[in-house]
Amino acid sequence: MDTVIPGEKNMLGLFTRSDKTMASKIASHKRFRTERIALDGRHEQTKLRLHYPMLIYYSWREKRAYSHLLSSKPANAEDAYEKLIYLMALMTSNAPPVPLNDVQHAVTTLRPFGSHLAKALGSRPRRCL
């Protein structure tokens with residue numbers, strides 16, 4: 001296994017997971033979700049033979065981006081705030097309900113920043129977050 005020297009770019013560069021920020025993970029999920037919704041909305045305009053495989057592909061990309069977003073641990077309080085706000089917006093949108101396991105997993109990744117998030121949201125810190 002190759003060793004990575006801190007401060008230097010390795011050969012993989014942009015392909016390493018650590019290079020992605022919370023903002024880029026949120027943007028990826030938004031983009032894939034928008035693409036899937038747009039494809040789903042114009043199904044009459046596409047050939048039916050191509051529609052279904054493309055819809056499956058875009059759905060897979062959206063689920064993968066969502067999974068990466070949920071499992072990612074914020075690097076700082078600002079990233080935690082961005083993740084919390086995005087997930088709250090996703091839960092209140094017309095998207096399918098977020099499963100309880102996903103909410104619990106997201107809370108686990110946000111727990112180290114609970115006091116910062118409570119202060120940013122204008123509430124007092126609680127034990128659950």
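Trainee: Why is the crossing of H3 and H5 called right-handed?

Mentor: In this predicted model, helix H3 (residues 77–92) and helix H5 (residues 114–121) pack at an angle of about 60 degrees, with axes 10 Å apart. Axes are lines fitted to C-alpha atoms over the stretch in contact, and angles run from 0 to 180 degrees between N-to-C directions. A crossing is right-handed if the near helix is turned clockwise from the far one by less than a right angle, left-handed if anticlockwise; the crossing of H3 and H5 is therefore right-handed.

Trainee: Which residues of H3 and H5 meet?

Mentor: Ala77, Ala80, Tyr81, Leu84 and Ile85 of H3 meet His116, Leu117, Ala120 and Leu121 of H5, where contact means heavy atoms within 4.5 Å. They divide into 8 nonpolar, 1 polar and no charged. Ala, Leu, Ile and Tyr are among those counted as nonpolar, while Asp, Glu, Lys and Arg count as charged and the others as polar.

Trainee: What makes histidine 29 buried?

Mentor: Buried means under 20% relative accessible area (1.4 Å probe, protein chains only). Histidine 29 has 2%, so it is buried. It lies in helix H1 (residues 22–41); a helix here is a DSSP run of H or I, at least four residues. Beyond neighbours within four places in sequence, histidine 29 contacts Glu62, Ala65, Tyr66, Tyr86 and Leu90.

Trainee: How many of the chain's residues count as buried?

Mentor: Of its 129 residues, 29% do.

How values were computed. Residues numbered from 1 in each chain as written. Predicted model: local features only at pLDDT ≥ 70, side-chain atom pairs only at ≥ 80, totals over all residues. Heavy atoms only, no water. Buried < 20%, exposed > 50% of the residue type's maximum accessible area, 1.4 Å probe, protein only. Helix = DSSP H or I, 4+ residues; strand = E, 2+ residues; numbered from the N terminus.
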